[in-house]
Amino acid sequence: MILVIGGQGAGKRDYLRALGYADGQIADGVLDARPVLYGLEKLVFDDPAGSGALFEPLCGKEVVCCREVGSGIIPLEKDDRDAREATGRLCVRLAQRADRVVRIVAGIPAVLKG
């Protein structure tokens, strides 16, 4: 599995296309049979307490893509802080299991692992 992380508008989707994935192969914020999940943070923010149950299904994906949510201003609302924390912790676990971890900055992929 490849874990792709990066900020809003950093070029993550373009990177997925450069890997050879067509738009129809990319699931946007839903966990289904497609090989690529884009928007992991959407799934976690919907149910932060249940984020641990996402780990094994996500490990079966070819690529998991997540927007960076841990940088910047700390949210005022506790629920938003909890969701941000759950997203970060899930990404840590996914990064440990991943064959490759790539961070996209200004459209440039930087391989952190693999």
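Modeller: A polar contact is a pair of N or O atoms within 3.5 Å; within protein, one must be able to donate a hydrogen and the other to accept it, and residues adjacent in sequence count only if both atoms are side-chain atoms. Here, a polar atom of the Lys61 side chain lies 2.6 Å from the backbone oxygen of Arg34. This is a predicted model, in which local features need pLDDT of at least 70 and side-chain atom pairs count only at pLDDT 80 or more, while totals for chains, interfaces and linings use all residues. Residues are numbered from 1 along each chain as its sequence is written, and side-chain values use heavy atoms, with hydrogens and water left out.

Biologist: Where is Lys61 found, and what is the nearest side chain of opposite charge?

Modeller: Helices (H or I, at least four residues) and strands (E, at least two) are DSSP runs, numbered from the N terminus. Lys61 sits in the loop that joins helix H3 (55-59) to S4. For burial, under 20% relative accessible area is buried, over 50% is exposed, and values in between are partly exposed (1.4 Å probe, protein chains only). A salt bridge requires a side-chain nitrogen of Lys or Arg within 4 Å of a carboxyl oxygen of Asp or Glu. As to charge, Lys and Arg are positive, Asp and Glu negative, and His and the chain ends are not counted. Lys61 is buried but has no salt bridge, and Asp32, the nearest side chain of opposite charge, is 4.3 Å away.

Biologist: Which residue does Asp32 meet in a salt bridge?

Modeller: Asp32 pairs with Arg34, at 2.6 Å from N to O. Asp32 counts as partly exposed because its relative accessibility is 30%, and Arg34 is likewise partly exposed, with a relative accessible area of 29%.

Biologist: How many salt bridges does a search of the whole structure find?

Modeller: The search finds 9. Among them is the bridge between Arg17 and Asp23, at 2.9 Å from N to O. Arg17 is partly exposed because its relative accessibility is 36%; Asp23 is partly exposed, at 46%.

Biologist: Is Glu41 buried or exposed, and with which residue does Glu41 form a salt bridge?

Modeller: Glu41 counts as buried because its relative accessibility is 7%. Glu41 forms a salt bridge with Arg67, with the closest N and O atoms 3.8 Å apart. Glu41 lies in helix H2 and Arg67 in strand S4, so this pair ties together parts that are 26 residues apart in sequence. The Glu41 side chain also reaches the backbone nitrogen of Arg67, at 2.9 Å. Arg67 is partly exposed, at 29% relative accessibility.

Biologist: How much space lies in the largest pocket?

Modeller: On a 1 Å grid over the protein atoms alone, a pocket is an open set of points where a 1.4 Å probe fits, with protein on both sides within 12 Å along at least five of seven lines; lining residues have an atom within 4 Å of a point. The largest pocket holds about 180 Å³. It is lined by 15 residues, of which Ile5, Glu68, Thr87, Gly88 and Cys91 are the closest to its centre. Strand S1 (2-6), strand S4 (63-67) and helix H4 (78-97) each give two or more residues to the lining, and H4 gives the most, with 6.

Notes:
Grid points are joined across faces, edges and corners, and a volume is the space filled by probe spheres set on the points.
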